Amino acid sequence: MDSQLTEAVPRGSPDRVVLPLSPPSGGSLPLAAQEVGRGTGLSSRRRFSCFGDSGCAQYLLFTEIVVFVCVVCFFKIYLALPAKPENISCVYYYRKNLTCTWSPGKETSYTQYRVKRTYSYGNKSENCTTNSSTSENRASCSFFPPTVTNVDNCTIEVEAQNADGVIKSDMTYWNLDAIAKTEPPGILSVKPVLGIKRMVQIKWKRPELAPASSNLKYTLRYRTVNSTRWMEVNFTDDCSNTDQTYNLTGLQAFTEYVIALRCVAEESSFWSAWSQEEMGTSEEEAPYGLDVWRILRPAEADGRRPVWLLWKNARGAPVLENTLGYNIRYFPENNTNLTEAVNTTNRQLELHLGGETYLVSVISYNSLGESPVATLRIPALHEKSFRCIEVVQARLAEDQLVVEWQSSDPKVDTWMVEWFPDLDSEPSAYSWESVSQARNWTIQQDKLKPFWCYNISVYPVLPDQVGEPYSIQAYAKEGFPKEGPVTKVEDIGVQTVTITWKEIPKSQRNGIISNYTIFCQAEDGKEFSKTVNSSMLQYSLESLTRKTSYTVQVMASTSAGGANGTTIKFKTLSISVFEMFLITSLTGGGLLILIILTVAYGLKKPNKLTHLCWPNVPNPAESSIATWRGDDFKDKLNLKEFDDSVNLEEDRILKPYSTPSDLIDKLVVNFENFLEDVSIEETGKSQENILGGEKNEYMTSPYRTEYAPGKSFEESLVSTEIPPRKSQHPCLRMPEGTYSEAKEQLLFSSPSLGPDYFGEEGAPNPYLKNSVTTREFLVSERLPEHTKRSLNATVA
């Protein structure tokens with residue numbers, strides 16, 4: 001048989017649910033027409049029947065299950081009932097109303113609540129209605145007198161209804177006496193009782209809206225005006241009196257207190273609200289006592305030392321203690337006869353004591369008497385204090401600063417904790433507190449200024465001595481520094497640099513510096529950082545790039561954050577000092593080795609070294625200038641055809657003269673100087689043939705070539721004859737007499753030369769002396785005859 005399709009449609013629904021019905025596997029089955037989903041609100045448009053076929057029956061069962069699941073899902077989707085009200089609670093405001101509240105749950109549509117109350121032991125009932133849109137407190141409903149009485153039992157049931165249906169809460173049972181709540185009592189006065197110390201009496205009126213037949217329990221709370229901590233006292237009062245009183249004892253003398261009351265009926269569990277607060281002051285009495293402390297200053301030039309004496313009310317003393325003044329007495333420990341007394345109304349006093357040990361006592365007084373004596377021992381100037389505190393630590397715990405310490409002496413169980421701002425050392429800024437039988441101390445953070453550094457010191461205290469303190473610094477609240485450290489660079493190298501920075505002033509830190517972070521960025525954008533502890537104020541950066549610009553910055557950090565310092569730039573070197581020193585050393589060492597080798601070579605071969613350092617100068621005696629004649633000489637001078645080896649001194653002398661005649665005259669003078677010292681030996685002869693081997697021996701000729709006054713120098717020069725050289729004869733010497741006579745004759749016979757001429761020739765020419773190896777005399781034909789004879793005779 002072909003597959004059939006059955007459509008099931010829920011009654012009352014506009015939608016249709018189509019359920020496909022297919023036969024089991026294995027072939028078609030005969031189906032009998034029957035009503036599917038009878039009793040489930042479903043109708044079938046087609047009816048099938050199975051004639052004894054088990055497979056068909058199984059198929060029909062499967063179809064019914066599918067239809068049932070679909071119906072359940074439909075009701076869940078389209079029928080959203082309200083949440084069941086739970087946690088029902090009721091309070092009976094005495095003689096006012098009965099109010100019940102519940103937890104409504106999550107609502108998806110408009111919901112109306114109806115509270116059904118049965119009373120008079122179930123004989124009567126009433127309803128209270130509220131809804132989720134109109135009621136400010138939609139989960140609350142109240143019942144009012146006269147149906148509500150204090151002696152009754154009742155039941156409460158809450159019903160929630162929306163468009164999809166209604167749901168009810170569980171039934172609850174209530175005894176109105178157990179849930180009754182009265183009005184708070186009204187305090188009439190808070191006053192001290194005359195003659196009774198540390199007590200106040202509180203008077204109040206019993207609340208009117210309270211069960212008359214029930215006793216009331218009370219709770220009284222109180223605190224001092226400067227405190228936020230309440231203390232409570234519980235008591236019960238009978239119902240006979242309208243006005244009630246209570247004596248509050250154990251208070252501080254002359255202290256103002258804040259008082260409040262509340263009450264509850266003995267059968268009930270609901271307390272009334274607190275009454276309006278009232279204030280009262282306990283009676284005054286003699287001062288309670290003082291805590292005394294001291295601040296020791298360095299000794300002055302005269303040997304006396306200033307001591308600041310400080311005191312305050314002891315712990316537990318009256319807050320409003322009416323003290324009229326203070327009486328201070330002090331004296332050396334071993335001499336009570338030197339007692340001095342001072343009266344003051346201040347709570348501090350500066351004393352100037354000697355170097356010995358002193359005892360100080362302080363007493364406060366008022367109109368009722370004096371306080372107990374508070375004493376303090378001031379140690380001698382050079383007294384050594386004992387030390388037992390090993391370490392002190394401070395930490396923050398919630399809203400408190402906790403200071404803890406460790407001691408090596410178990411006998412010490414009393415300590416004095418001292419604290420003051422680091423920026424203020426005035427005595428008025430000092431605070432202190434005594435700690436007994438404990439090794440920790442706490443203070444509220446709001447009693448310390450935030451971002452301020454405090455110096456905290458812990459002193460071990462014995463009955464007759466105060467030990468050496470242990471001091472630390474702490475902040476009640478930390479922030480990031482106001483400014484960063486000032487940074488600079490030092491010792492810039494090729495790949496290293498030293499970064500230094502200054503400590504941030506304490507007024508700018510806002511906390512304890514925990515570490516410093518150095519940020520360094522190269523010009524190519526590569527950045528790196530390094531963190532160091534707070535004790536370091538410099539750091540050396542390494543592995544930098546040669547000849548590269550960098551930007552560096554240092555950040556100081558606290559527990560709250562960090563602040564960056566100044567930004568500076570630097571550039572690494574292209575060559576280091578060591579490299580420069582190495583290059584210089586190598587160059588200098590090379591030069592030194594070269595010099596040593598040169599000296600060694602010179603010592604081994606001195607002639608070659610001398611020739612290299614001092615080369616031979618050309619011999620002027622071999623110059624061709626002596627062969628020049630007449631016009632040919634002038635032409636050569638005018639054309640300046642001189643050899644490059646001519647002496648530079650002569651060239652310098654010739655340049656300033658402009659006329660050719662002057663230039664020629666000067667040259668002639670130099671030429672005559674040349675003719676004056678002539679070697680008598682040929683240049684080719686060795687030095688051993690001259691004067692028996694004597695080297696470089698010279699003689700200055702006393703004779704000058706003479707020319708007539710009317711003739712030019714050129715003519716005289718042409719007429720001069722130069723005799724041939726004789727290499728076989730030794731150098732001739734002229735007697736002194738002949739030399740003087742010849743020199744004198746030349747002086748008078750040659751007036752045109754002038755006296756300067758002979759003055760220049762008085763000393764031998766050093767140039768010729770060092771360069772000429774042989775010389776010979778040139779005898780002019782114009783010399784006087786006797787002079788020639790004398791010269792020839794000498795030669796012969």
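**Figure 1. The hairpin of β38 and β39.** Strands β38 and β39 form a hairpin with four residues between them, and glycine 525 in the turn has a positive phi of about 100°. The model is a predicted one, in which local features need pLDDT of at least 70 and side-chain atom pairs count only at pLDDT 80 or more, while totals for chains, interfaces and linings use all residues. Residues are numbered from 1 along each chain as its sequence is written, and side-chain values use heavy atoms, with hydrogens and water left out. Strand β38 covers residues 515-522 and strand β39 residues 527-533; the two run antiparallel and are joined by seven bridges. Strands (E, at least two residues) and helices (H or I, at least four residues) are DSSP runs, numbered from the N terminus, and two strands are taken to pair if DSSP finds at least two bridges between them.

Figure 2. Four strands make up an open sheet in the order β8-β5-β4-β12, and their pairing is mixed. Strands β8 (140-143) and β12 (180-181) stand at the edges, each with a single partner strand, so one side of each is left without a neighbour in the sheet. Strands of a sheet pair through backbone hydrogen bonds, either parallel or antiparallel. Strand β4, residues 86-93, pairs with strand β5, residues 97-103, in the antiparallel sense over six bridges, and serine 89 stands opposite threonine 101 in β5.

**Figure 3. The two disulfides.** When a disulfide is taken as a pair of cysteine sulfur atoms within 2.5 Å, the count comes to two. In the disulfide of cysteine 90 and cysteine 100, the sulfur atoms are 2.0 Å apart. The torsion about this S-S bond, between cysteine 90 and cysteine 100, is about 105°, so the disulfide is right-handed. Cysteine 90 lies in strand β4 and cysteine 100 in strand β5, so the pair ties together parts that are 10 residues apart in sequence. In the disulfide of cysteine 128 and cysteine 141, the sulfur atoms are 1.4 Å apart; the torsion about the S-S bond of cysteine 128 and cysteine 141 is about -85°, so this disulfide is left-handed. Cysteine 128 belongs to strand β7 (residues 124-131) and cysteine 141 to strand β8, so the pair ties together parts that are 13 residues apart in sequence. Both cysteine 90 and cysteine 100 are buried, as are both cysteine 128 and cysteine 141, where buried means under 20% relative accessible area, exposed over 50%, and partly exposed in between (1.4 Å probe, protein chains only).

**Figure 4. Polar contacts of arginine 377.** Arginine 377 lies in strand β27, which covers residues 374-378. The side chains of arginine 377 and glutamate 383 are joined by a polar contact of 3.1 Å. A polar contact is a pair of N or O atoms within 3.5 Å, of which, within protein, one must be able to donate a hydrogen and the other to accept it, and residues adjacent in sequence count only if both atoms are side-chain atoms. A polar atom of the arginine 377 side chain also lies 3.4 Å from the backbone oxygen of aspartate 464.

Figure 5. Most residues other than glycine have a negative phi, and most peptide bonds are trans. The peptide bond from proline 145 to proline 146 is cis, with omega near 10°, and proline 146 is found in the loop between β8 and β9 (153-162). Glutamine 437, although not a glycine, has a positive phi of about 55°; glutamine 437 is found in the loop between β31 (431-436) and β32 (440-444) and is exposed, with a relative accessible area of 71%. Phenylalanine 451 likewise has a positive phi, near 65°, in a residue other than glycine. The loop between β32 and β33 (453-462) holds phenylalanine 451, which counts as partly exposed at 35% relative accessibility.

Figure 6. Proline 505 is found in the loop between β37 (497-501) and α2 (506-509), and is partly exposed, with a relative accessible area of 40%. The C-alpha atoms of proline 505 and glutamate 483 are separated by 9.3 Å, the two residues being 22 residues apart along the chain.
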